[in-house]
Amino acid sequence: MNASVLTISDRCARGEAEDTSGPALCQMLRETFGATVLAARCVADDPDAIGHVLVEWSDATPRPDLVLTTGGTGLGPRDVTPEATRRVLEREHPGLIQLMQMRCYAKTPKCFLSRGIAGTIDRTLVINLPGSRKGAIESLEALADVLPHAIETLRGGDHARK
C-alpha cells in the first residue's frame with residue numbers, strides 16, 4: 001500500500017505549533033499496514049490549498065492508494081477540510097466514516113463532533129481524520145481491518161471475501 005498524509009492546520013503551517021498527528025499516522029501506516037509513505041505535508045485551513053494537494057497526489061506517479069487528512073474536521077469557523085475534500089472527490093463513501101465513528105464511540109462520544117468524509121479520486125481513497133494525535137490514531141485503528149480490502153477492491157481486485 002502506498003499512502004500519503006496531509007495535515008491541515010493554520011498554526012502548524014505557520015510554524016507556531018508542532019504537527020503530532022501527521023507523523024503519528026505515518027508511523028502507524030508503516031508499522032500496521034506495511035505502507036510506503038510517499039508524501040507528508042502540512043497546509044493551512046484553506047479549501048483551495050487542501051483540494052490542490054489532494055488532486056495533485058491522486059494524479060502523482062507513483063499514486064497513493066490511500067490519502068489520510070488530519071485536522072480541519074471540527075465545528076470551528078476555519079474547519080473546512082470536509083468541504084474542500086468533497087469538492088474534489090469523484091465518489092463519496094460514507095460507510096467508512098460511519099464505521100469509524102461507531103467503533104470510536106466507546107472510547108469517546110466526542111467522535112461524533114468530527115465532520116470528516118471519505119471517498120475516492122480515481123483510484124485513491126481519501127479519508128478525513130480528526131486533528132488531534134489521539135483522535136487520528138484511534139480513527140485509523142477503527143478502520144484497520146477493512147482498509148486493506150478496500151484498497152484491493154479500489155485497485156480492481158477480487159470483491160470476494162478472503
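## Cysteines

C104 is buried, with a relative accessible area of 5%. In this predicted model, a search of the whole structure finds 0 disulfides. C104 accordingly takes part in none, and the nearest cysteine sulfur, belonging to C111, lies 5.6 Å away, whereas a disulfide requires the two sulfur atoms to be within 2.5 Å.

C26 is likewise in no disulfide; the sulfur of C42, the nearest from another cysteine, is 12 Å away. C26 is buried, its relative accessible area being 7%.

In soluble globular proteins, nonpolar side chains tend to be buried together. Here the largest nonpolar core comprises 30 residues, and L29, L66, I127 and L140 have the most contacts inside it. At least two residues of this core come from each of β1 (2–8), α2, β3, α5 (94–104), β6, α6 and α7. Helix α2 provides the largest share, 6 residues.

Leaving aside residues up to four places away in sequence, I127 touches L66, V67, L68, T69, L96, I97, I117, A118, L143 and L147. A second, separate core has 15 residues, among them L6, V80, V88 and V126.

## Helix α7

Helix α7 spans residues 147–154, and its buried residues are L147, I151 and L154. These residues cover an arc of only 65° around the axis and therefore lie on the same side of α7. The elements they pack against are α2 (21–33), β3 (66–70), β4 (91–92), β5 (118–121), β6 (124–129) and α6 (133–143).

Just after α7, G156 adopts a positive phi of about 100°.

Note on methods:
Residues numbered from 1 in each chain as written. Predicted model: local features only at pLDDT ≥ 70, side-chain atom pairs only at ≥ 80, totals over all residues. Heavy atoms only, no water. Buried < 20%, exposed > 50% of the residue type's maximum accessible area, 1.4 Å probe, protein only. Helix = DSSP H or I, 4+ residues; strand = E, 2+ residues; numbered from the N terminus. Arc of directions from axis to C-beta. Contact = heavy atoms within 4.5 Å. Core = buried A, V, L, I, M, F, W, Y, C linked by side-chain atoms within 4.5 Å.
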